[in-house]
Each structure stands twice: as C-alpha cells, then as structure tokens.
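Q: Can you walk me through a structure? I would like to start with the aromatic rings and then look at some helices.

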Amino acid sequence: MKIAMYYGPEDVRIEERPSPVPGAGEIVVQNRVTLTCGTDVKTFFRGHPYWTPPAPFGHESAGVVIAAGEGAPFAVGDRVVAHNSAPCGTCYFCKQGQHSLCDRLTFNLGAFAEIQKIPAVIVSQNTFLIPPEVSCKDAALTEPFACALYGIEQSEIKLGDTVVVNGAGPIGLMLIRLAVLRGARVIATDLHPMRLELARKLGAAVTIDIRDVSDQVQAVKAYTEEERGADVAIEAAGFPELWEKTVAMVRKGGIATLFGGPKPGTTVTFDTKLLHYSQITIKGVFHTTPRHVKAAFDLICRGVISAVDFVNEEYRLQEIEQAIRTHAQGLAIKNAIVYP
C-alpha cells in the first residue's frame, strides 16, 4: 500500500508499506477519502508534540472494510468511518467522565494512506456503519464535528446569547453552525472572504473581516448590546494574540472558550483586574469524547452539516503537499484526498 509519511517540517514522502493485518477486534479499511484539517497544516509546517518523525499522519477518513479480525463488529464490504481516538475507560479522568483527558488515550494516525488499520478500542467505541444515503466525504467530517460539539457544550451557550467565534476555518465554521442551532446570535471574525461568506450561509448574523478594522476587540463589542461584549467568545484559530483578544471581548460574567491550540511553549497575558472584577470564566477545551463522536455522526447523517460546504478540491495521495498548502493559504475550507 501507499502511505504519506511525515519526516519533519515540509517534508512528507509517499512510501510503499506492507498492508496491515487485523488482530482480534480490529478492522482494516481501504480509504475512499481523507480530509485535510488545521492540525495537518500545523503538523506539516511545524511538527506536532504528540509524535516523533518519521510518522504517519492524517486522521479524518472514511472507507470500506477489507479485512476484519476475530470478534470485530463489522464485515468485509461495510462502509465505515472511524474516529481517530478512544479513551481507555478505566483511568482516573475517564472515571471522572473527562474522557478527552484520558491518561491512556489511543490515537490512530495514518489516514493519508490507501489502507489503514483501526485499533480494537476505536472499533468498539468510535467506529460507525455509514448509511447508504451518506457519502464517505460527509462521514469523514465526524472527527472535527465531534470536537466542535464538545467545544460548544463546554461553552454553555444559552438561548439568545451573543456569541463571537474568532476564526472561521473548518472547526470555527462548525462552531458557528452549532452555536446558531443552540439559539445564539453569532458574530464571526476571519481574514478570508470565502470563509466569512460560508459563515453567513451557516447562520452567522454578523461577519467581520479583521483586515478592515484597526481594533478587533472594539469591532466585535460594537455589535453587542450597549457594547458590553459577547456572552461567550470562542477562539478557534490557535494564535496566542487571538486568545488574549478573545478574553477581552467577553462581557462581565461571560465565558471565553480557548479552542485553538497555539504552538507548545507559548504563553499569553491577561489583565488580572479584568478577570477578577468582571468574573470572566476562561476555559481550555481539548479534543472530544465518545458521546460527542456518536452525536456528531448522527447529526451528519441528518444533514446538519455537509461536505458540499466544507470540502473544496480533490487530490490524489501523491498530491498531498499541494492539498495541505492550498488549505493553509485559505484557498479551501478542507481538501479531500481520494483514492482510485
């Protein structure tokens, strides 16, 4: 099989590897589609703290089962989508119901490949049979949508809230859609017109092109009642300066959700007077949980979001670098690697 291997910043190579063989409870999937995401972009340009090169990468895919190990709940020929992780269920954090913080979280990378083996713990918890009416492209959106669902739930949005989402990339757009569905009036900020146009299509009441404003915080507050700030502000881009601006956009008693992950070792500065006397709540949000993965898949099957809006161009595996670079340049929301 062919697989894309990551060797370091801007060094990805297509290699031939033996096709995997499933063990007990495992399945082997022939990918039909793999999607690019912001994590892939960051990994390509700067690496990732969770693995050491050379390493497989990519984690949003869907395809067809071509081999199943003993006891696996899927059969050869089934179309499936597998999430990229699963918690152990037995560590301290799992017992606290904080599955995204699991000490023994199993990650499965290597979706940029013709064939991929899915570990048994992911098969049993976070792998789903794709209905005939749902495309593999739609199903492959499950992983990022699950993360967005978790982030929205952690943000505690109430009916009628004014919510700002800073960053209208794939996750930001999903957060916008979900915030609208929770009854919020949403303000979206970004610097790519294409993304802001899609934000409006997904329900954003206000869009702000940050290239056109001198003070992003004040520009957002101007669209809130009495310019007091947003009830909830969400950072979805992963830039430390935007973390600081997001906190500054929140009204007294509001919530700032910091979703985008900056480079490891990054620090930010917040005004202690603002935090203390305004009683602002700051939340860091990472990854997702099996409950949100299942909910995300169900919502995709119901048409709440669609690949028509989120996936732009198709590339072959050997064109992976081009697919990632055009994503990074803001020329696409997501790109798809498709396999003949």
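Predicted model: local features only at pLDDT ≥ 70, side-chain atom pairs only at ≥ 80, totals over all residues.

Q: Fine. How many aromatic pairs are there?
A: The count comes to five aromatic pairs. Tyr-6 and Phe-57 form one of them, with 6.0 Å from centre to centre and 50° between the planes, and this pair is tilted.

Q: Where do Tyr-6 and Phe-57 lie?
A: Tyr-6 is in strand S1, residues 2–8, while Phe-57 is in the loop between strand S4 (55–56) and strand S5 (61–68). The pair therefore ties together parts that are 51 residues apart in sequence.

Q: And are Tyr-6 and Phe-57 buried or exposed?
A: Both Tyr-6 and Phe-57 are buried.

Q: What about Tyr-92 and Phe-93, what sort of pair is that?
A: Their ring centres are 5.2 Å apart and their planes are at 85°. Planes over 60 degrees apart count as edge-to-face, so the pair of Tyr-92 and Phe-93 is edge-to-face.

Q: Tyr-92: buried or exposed?
A: Tyr-92 has 54% relative accessibility, so Tyr-92 counts as exposed. Phe-93 has 25% and counts as partly exposed.

Q: Back to Tyr-6. Which cluster is Tyr-6 in?
A: Ring pairs link Tyr-6 with Phe-57 and Phe-112 into a cluster.

Q: Which charged end sits over the ring of Tyr-7?
A: That of Arg-13, which is 3.8 Å from the centre of the Tyr-7 ring.

Q: New topic: helices. At what angle do H1 and H13 pack?
A: Helix H1 (residues 38–46) and helix H13 (residues 320–328) pack at about 105°, and their axes are 10 Å apart. Angles of 65 to 115 degrees count as roughly perpendicular, so H1 and H13 are roughly perpendicular to each other.

Q: Which residues make the contact?
A: From H1 they are Gly-38, Asp-40, Val-41, Phe-44 and Phe-45. From H13 they are Glu-321, Ile-324, Arg-325, His-327 and Ala-328.

Q: How many of those are nonpolar, polar and charged?
A: The contact of H1 with H13 has five nonpolar residues, two polar and three charged.

Q: Last one. Where is Asp-271?
A: Asp-271 is in the loop between strand S15 (250–258) and helix H10 (272–277). At 44% relative accessibility, Asp-271 counts as partly exposed.

Q: How far apart are Asp-271 and Glu-244?
A: Asp-271 and Glu-244 are 27 residues apart in sequence, and in space they are 9.2 Å apart, C-alpha to C-alpha.

Key: Residues numbered from 1 in each chain as written. Heavy atoms only, no water. Phe/Tyr/Trp six-rings, centres within 6.5 Å; stacked < 30°, edge-to-face > 60°. Helix = DSSP H or I, 4+ residues; strand = E, 2+ residues; numbered from the N terminus. Buried < 20%, exposed > 50% of the residue type's maximum accessible area, 1.4 Å probe, protein only. Lys NZ or Arg CZ within 6 Å of the ring centre and 35° of its normal. Axes fitted to C-alpha atoms, helices over the stretch in contact; angles between N-to-C directions. Parallel < 35°, antiparallel > 145°, perpendicular 65-115°, else oblique. Contact = heavy atoms within 4.5 Å. Nonpolar A, V, L, I, M, F, W, Y, C, P; charged D, E, K, R; others polar.
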